[in-house]
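Have the sequence and the 3D view open side by side for this one. We will go through a few helix pairs and then visit some single residues.

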Amino acid sequence: MRLSEPVGIASLGLKIPSFFLDLKDFAHLRNTDPNKYEIGLGCREMALCLDQHTVVDLALGAARRALMRRKGGLDQIGFLAIGTESGLDMSAPLTKWVARELRLSGALRSYEVKHACLGGTLALRQAYEWRCSPASKGKAALVIAVDDTLYEARSPGEPTQGAGAVAMIVDEPLIAEMDPCSHSWSRPADDFWRPVGEPYPHVDGPLSLECYNQGALACFQAYCEDTNQTLGNFLENIKGMSFHTPFPKMVQKALGVLCEKAEITAGNPNKAKELFLEKVAPHLTWNQKIGNSMTASLWFSVAQNLCGRRIGEQISAFSYGSGCGAELQLLTAGPEAQAAAWAQDLQEDFSQRTRLSAQDYDSFRTRNQAVKSGFPAAELLQNKRGFRHAS
Ligand code: COA
């Protein structure tokens, strides 16, 4: 289906925290072979917010960068949605803090979307549907995917931590045109969850891998059926593929499942690896330096995937959120993809951030554990930033 007026990503802004931990240092701290993280999981570094940064800082940083490169003032934004699982309040949306700092108010729909790592994608699809409807009155939408991922210290998920934010303005498809149809899949599952009041998530790693693969297969097959092509042809022809990336090995395994189903490994057992190296791995190097930024992780890969693309080149974006749900959409590069202005911001962030020592990380975790078990996050944030509750 084509719309009379194409809609998509008009501007992109990325933001990561100012600190990171090299997983070799982390392996030393946890007395583990570093190859487990680098080869076994495909991870290299994790971005960390530490005490003085919050998801609000990340979301604001990304939003300001996306807004800066866009023509039109704040009064042209009619929709603000944040996808996150690092919310600060059970009732108030994270957009409250972000809109206050941006001075964004008035004729605006502003809310938070939660569905584990799928929240950013759901917010983006809702923004797209709103922008295509008469309700938008021609205004643009601002969507932010942001998370600060910490697992309990010494738990199996700890090496897959990370943090970051991706902001997208949905309007003219200057960077990428979004397909009107996306392909969703869902099933109830207890693969990853964080009960109310608990500081860290619980994860059933093997079940999350199983659900992720199941979701990927269902979504890619649905797309191929709708577009009347075989999965094998799709995999051969698509220019680049981005996936939600809890850790890169998970993505590689999912692609292996797709290749097996498409029966393209029969004559060449290395085919899945070749496809991964050609179409997926080049767009995962930012994720390897950031770690799992949950809702934002797919969109960091998409942002890298779009860099330098010629107009009309098509890429796929597969999103997964525990609980569980998945969604696949196709994006077509627009005229501003080639110059990739957003990439420079991120390269600057990478070059300016501080590498933590294992000891610094260990003492941060000790402080964080004590704080998280003693205070609600929103109270902590408000005290730290000196915010006042608006009446
Ligand atoms: N050298 C190379 N590879 C090594 C290794 C070494 N010294 N030691 C272990 N490995 C490999 C293992 O063989 C395994 O690879 P495989 O899965 O291809 O067989 C991989 O490293 C992980 O090892 P494993 O023993 O399974 O690790 P673990 O029990 O510590 O848990 C996860 C790993 C991924 C399950 C855990 O990190 C986790 O739960 N992460 C969070 C997952 C998540 O985010 N899910 C929710 C969102 S979708």
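Two residues are in contact here when heavy atoms lie within 4.5 Å. With that in hand, please keep in mind that this is a predicted model.

Let us begin with a serine in helix α11, which spans residues 297–306: Ser301. Is Ser301 buried or exposed? Its relative accessibility is 1%, so Ser301 counts as buried; the cut-off for buried is under 20% relative accessible area.

Which residues surround Ser301, once neighbours within four places in sequence are set aside? Ser301 is in contact with Ser242, Phe243, His283, Leu284 and Asn287.

Two packed helices are described by the angle between their axes and the distance between the axes. For α6 and α8, the angle is about 45° and the axes are 10 Å apart. The two helices are therefore oblique to each other, and α6 passes α8 in a right-handed crossing. On the α6 side, the contact is made by Ser208, Leu209, Tyr212, Asn213, Ala216, Leu217, Phe220 and Gln221. Their partners in α8 are Met250, Val251, Lys253, Ala254, Val257, Leu258 and Lys261. Sorted by class, the contact has 10 nonpolar, three polar and two charged residues.

Ser208 sits in helix α6, residues 205–226, and because its relative accessibility is 8%, Ser208 counts as buried. A polar atom of the Ser208 side chain lies 2.8 Å from the backbone oxygen of Gly205. Leaving out neighbours within four places in sequence, Ser208 is in contact with Asp191, Val203, Met250 and Tyr320.

## Helix α8 again, now with α9

Helix α8 (residues 248–261) also meets helix α9 (residues 271–280): their axes come within 9 Å and cross at roughly 125°. That angle makes α8 oblique to α9. The crossing of α8 past α9 is right-handed.

Which residues make this contact? From α8 come Pro248, Val251, Gln252, Leu255, Gly256 and Cys259, and from α9 come Ala272, Lys273, Leu275, Phe276 and Val280. By class, there are eight nonpolar, two polar and one charged residues in the contact of α8 with α9.

## Helices α3 and α4

Val56, Ala59, Leu60, Ala63, Arg64 and Leu67 of α3 meet Trp97, Val98, Glu101 and Leu102 of α4. Sorted by class, this contact has eight nonpolar, no polar and two charged residues.

If you like to see a pattern in the numbering, recall that an α-helix has 3.6 residues a turn, so residues three or four places apart point the same way.

## The two ends of helix α2

What caps the N-terminal end of helix α2, residues 34–41? Asp33 does: a side-chain oxygen of Asp33 lies 2.9 Å from the backbone nitrogen of Asn35. Just after α2 comes Gly42, with a positive phi of about 80°.

Val170 lies in strand β7, residues 162–171. Its relative accessibility is 0%, so Val170 counts as buried. Not counting residues up to four places away in sequence, Val170 touches Val7, Gly8, Leu124, Ala127, Tyr128, Arg131, Ala140, Ala141 and Val143. For a sense of scale, Val170 and Ser18 are 152 residues apart in sequence and 27 Å apart in space, C-alpha to C-alpha.

Asp362 is in helix α13, residues 358–374. With a relative accessible area of 25%, Asp362 is partly exposed. How far is Asp362 from Leu29, in sequence and in space? The two are 333 residues apart in sequence and 8.1 Å apart in space, C-alpha to C-alpha. Leu29 is also one of the contacts of Asp362, together with Arg30 and Arg154, when neighbours within four places in sequence are left aside.

Definitions and conventions
Residues are numbered from 1 along each chain as its sequence is written. This is a predicted model: local features need pLDDT of at least 70, side-chain atom pairs count only at pLDDT 80 or more; totals for chains, interfaces and linings use all residues. Side-chain values use heavy atoms; hydrogens and water are left out. Helices (H or I, at least four residues) and strands (E, at least two) are DSSP runs, numbered from the N terminus. Ala, Val, Leu, Ile, Met, Phe, Trp, Tyr, Cys and Pro count as nonpolar, Asp, Glu, Lys and Arg as charged, and the others, Gly among them, as polar. Buried means under 20% relative accessible area, exposed over 50%, partly exposed in between (1.4 Å probe, protein chains only). A polar contact is a pair of N or O atoms within 3.5 Å; within protein, one must be able to donate a hydrogen and the other to accept it, and residues adjacent in sequence count only if both atoms are side-chain atoms. Axes are lines fitted to C-alpha atoms, for helices over the stretch in contact, and angles run from 0 to 180 degrees between N-to-C directions. Angles under 35 degrees count as roughly parallel, over 145 as roughly antiparallel, 65 to 115 as roughly perpendicular and the rest as oblique. A crossing is left-handed if the near helix is turned anticlockwise from the far one by less than a right angle, and right-handed if clockwise.
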